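Q: Hi! Could you walk me through this one while I have it open on my screen?

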Amino acid sequence: ITGVFELPFGAGKPLLNQPGFMNKLVGGWQFSMIHTFQSGGALLIPDVLYTGIEPRLAPDQRSVTKWFNTDAFKTLPAFTLRTISTRVPSLRGDAIVNYDLSLSKSTRITERFRLQLRGEAFNSFNRLQLGAPNISPSSGSYGRITSQANASRSMQIGARLEF
């Protein structure tokens, strides 16, 4: 979901409708956002033996130390054919919930010059998105999540002079 909202301040707007310097100060503001909401992707299952136990845990039972039911998979014995798909639809990684926000102001300085000031925050609420869990039963970190899939909050400011 994305949106750009012009704030109601300045000349020709409902609030602080003042000409001249006051308009240059309070007019021309915009708020923008990009909201991403996605379910986690299906996890890639290595060569393992499926025990028939449902691998998915209820959300309140999941943690970084046990993301899925580790009893669902066992190490595949040598010279054994795989019997399950490479993906189990019910076994998914962490969901993505992300907000990128921006506040900008555009002001005409003269007929020829226009100035834009901008502040942006990516992953504005600094929400952690977990990486994929380890699905190899022979690993010491089997069933655990040991990585982060997104970047932490980052912010930037900028100015742009158009002429």
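Q: How many salt bridges does a search of the whole structure find?

A: The search finds 3 of them. Keep in mind that this is a predicted model.

Q: Okay, which residue meets K13 in a salt bridge?

A: That's E6, and the N to O distance between the two side chains is 2.8 Å.

Q: And how accessible are E6 and K13?

A: E6 has a relative accessible area of 48%, so E6 is partly exposed. K13 is at 25%, which also puts K13 in the partly exposed class.

Q: What about R118, which residue does its side chain meet in a salt bridge?

A: R118 pairs with E120, at 2.6 Å from N to O.

Q: Is E120 buried or exposed?

A: E120 counts as buried because its relative accessibility is 16%, and the cut-off for buried is under 20%.

Q: Nice. Where's the salt bridge with R160?

A: R160 meets E162 there, with 3.3 Å between N and O. R160 is partly exposed at 48% relative accessibility, and E162 is partly exposed too, at 33%.

Q: Switching topic: which residues form a nonpolar patch on the surface?

A: Look at L15, L16, F21, M22 and L25. Together they have about 500 Å² of accessible area.

Q: Where is L25 found?

A: L25 is in helix α1, which covers residues 21–26. With a relative accessibility of 46%, L25 counts as partly exposed.

Q: Now pockets. How much space lies in the largest pocket?

A: About 150 Å³.

Q: And which residues line the largest pocket?

A: The lining is made of S39, G40, R56, L57, R62, W67, P89, S90, L91, R92, G93 and A95.

Q: How do the residues of that lining divide into nonpolar, polar and charged?

A: There are 5 nonpolar, 4 polar and 3 charged residues in the lining of the largest pocket.

Q: Let's talk backbone. What is phi of F79?

A: Phi of F79 is near 60 degrees, which is a positive value in a residue other than glycine.

Q: Where does F79 sit?

A: F79 is in the loop between β5 (73–75) and β6 (87–92).

Q: Is F79 buried or exposed?

A: F79 counts as exposed, because its relative accessibility is 89% and exposed means over 50%.

Q: What about phi of N126?

A: N126 has a positive phi as well, near 55 degrees, and N126 is likewise a residue other than glycine. You'll find N126 in the loop between β8 (114–122) and β9 (154–162). At 38% relative accessibility, N126 is partly exposed.

Q: One last thing. Where is the place of L49?

A: L49 is in strand β4, residues 48–50. Its relative accessible area is 32%, so L49 is partly exposed.

Q: And how many residues apart in sequence are L49 and L81?

A: L49 and L81 are 32 residues apart in sequence, while their C-alpha atoms are 9.2 Å apart in space.

How values were computed. Residues numbered from 1 in each chain as written. Predicted model: local features only at pLDDT ≥ 70, side-chain atom pairs only at ≥ 80, totals over all residues. Heavy atoms only, no water. Salt bridge = Lys/Arg side-chain N within 4 Å of Asp/Glu carboxyl O. Buried < 20%, exposed > 50% of the residue type's maximum accessible area, 1.4 Å probe, protein only. Patch = residues over 30% accessible without salt bridge, like charges linked within 9 Å, V, L, I, M, F, W, Y side chains within 5 Å. Areas by Shrake-Rupley, 256 points an atom, 1.4 Å probe, with all protein chains shown as cover. Helix = DSSP H or I, 4+ residues; strand = E, 2+ residues; numbered from the N terminus. 1 Å grid on protein atoms, 1.4 Å probe; cavity = no way out; pocket = protein on both sides within 12 Å on 5 of 7 lines; lining within 4 Å. Points joined across faces, edges and corners; volume = space filled by probe spheres on them. Nonpolar A, V, L, I, M, F, W, Y, C, P; charged D, E, K, R; others polar.
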